[in-house]
Amino acid sequence: MAKRKIPTYIRPAGYLRTSGAFFVDFGLVLLLGVILYFTLGSRLLYSGVFHGEQATAAYNDLCVDSGFSTLEGNKLINYAPDVSKKGLDLYEQYEEVEQKAWTYFYEKVGNGGNYVFFSSDEFSSSAEKGSAAYLKDVGRWIYSHCFGIQEDGTGNTFFTIPSSEGFAYDAMPVLKPSYQAIFDEKKTDAASLDSAKSVFLSIYQANSSKAFFQRAKAHFMAQPKLDHYHDQEIYAFYGSLIPSVVLGPLVFFVVLPLVLPNGQTLGKKIFGVAILGADGYSASKGRILFHYSMIVLPMFATLIPHPLIVFPLFLLYFVVDFIVLVLSKNHQAFHDKASSTVVINAKSSLWFPSPEAEKAYIAKNPSSLPAKYREEERKADEGKNEMEDILTAQRDAVVDSRTLEHASYVKEQAKKEAKEIVYDNDADPKGEGDFVDGKGEDDAH
């Protein structure tokens, strides 16, 4: 018998029923996941096993120590000037902004500890880190690399060195006298306000890597210690998700389908669908497990701490799976085809656990729908076999005809060759002498 197709008395479930069952199960997985996260994940795993709270506290302390953030309760607030101020009140904040950036580079990075210079900074010093000589090199680096100020005080439009005599680079740059007068006298004319604004923007300007404050803050955000604490937080968070991501899918997509008949989940029972093998018989436990593993494993993959990569791939997988479900003949999703299973309408289908059970049923019920279907299938197979015999006979007849034609051709060729052969009867009256070719040359010697 040919490979068994799904009988007509087994009705594949439509994509609406199948999708509805999946979303019910997926909703239950999410619900259980939320419960597990707030009862087991965040309290026991995040805080205890993976030390997430300690990493968060260390991260916050470092941000506050840098001067770029403040802590209000448990909330970390990033520093930014008060842009609601008007006129010179806004622009005068340049000194506070400059001081924060100077303190970070000169005191925090200059004294080491949790902060380091990077190779891209092009900073070098032969002095011991934290020493007066080292700090002088740090100050000189700030003047030249962050402000572009030369040793004679030139190079920057707004700022210069505090004193040209014996300057040790231990104080931050100051405004040139013409600009300092604007703030000292609090001039309010348009030209003075524009100049004050330019001074401020040279120190603090959003989305700029050249402004002193922005450069210092970006430098801090790249510090290895900060990255280390942040990574600890991330791993602790993903560790706290393990019960939610693992236990939910295992309960609703593995345990229940292996316990309930025909691979049913709660969603499939609600929507009246079940799982069979692609041959229409009851699927084995191993096949059911493989069927659901194609759903569970992508869910487990969400534990990989790269959400910008994992979650788009996760969504893409299930979108493709749904498209295959809608377009395939028997509404088989990708995971159905891979596991050789089919989701059926359990309420309007008739199926058997094995071929033997089907034969026993047909023997007892010769007029049943399965019996009629099998009889039609048998006749179709016989007709197919007869057609194959006819085609084989026709192919053999063609071969025989060609063989006869070839034999006839060989015979004709032999006759032609025989006509070219003559006998030397004069030398042998009995006609048994040497025979020569048509050119009369002796060919026997």
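Author: Happy to! Let's begin with Arg140 and Asp137, which both lie in helix H5, three residues apart, or about one turn of the helix. Helices here are DSSP runs of H or I with at least four residues, numbered from the N terminus. In general, an α-helix has 3.6 residues a turn, so residues three or four places apart point the same way. The side chains of Arg140 and Asp137 meet in a salt bridge, at 3.0 Å from N to O. That term means a side-chain nitrogen of Lys or Arg within 4 Å of a carboxyl oxygen of Asp or Glu. Arg140 counts as partly exposed because its relative accessibility is 28%; buried means under 20% relative accessible area, exposed over 50%, and partly exposed in between, with a 1.4 Å probe and protein chains only.

Before going on, a word on the background: this is a predicted model, in which local features need pLDDT of at least 70 and side-chain atom pairs count only at pLDDT 80 or more, while totals for chains, interfaces and linings use all residues. Residues are numbered from 1 along each chain as its sequence is written, and side-chain values use heavy atoms, leaving out hydrogens and water.

The structure holds four salt bridges. Another one joins Asp65 and Lys108, whose closest N and O atoms are 3.2 Å apart. This pair links distant parts of the chain, with Asp65 in helix H2 and Lys108 in helix H4, 43 residues apart. Asp65 is partly exposed, at 34% relative accessibility. Lys187 also forms a salt bridge, with Glu185, and here the closest N and O atoms are 3.5 Å apart. Lys187 is partly exposed at 32%, whereas Glu185 counts as exposed at 52%.

Now for the rings. Rings of Phe, Tyr and Trp (its six-membered ring) pair if their centres lie within 6.5 Å; planes under 30 degrees apart count as stacked, over 60 as edge-to-face and the rest as tilted. By this rule the count comes to 40 aromatic pairs. One of them is Phe22 with Phe23: the ring centres are 5.6 Å apart and the planes stand at 70°, so the pair is edge-to-face. Phe22 is partly exposed at 21%, while Phe23 is exposed at 57%.

Note on methods:
Helix = DSSP H or I, 4+ residues; strand = E, 2+ residues; numbered from the N terminus.
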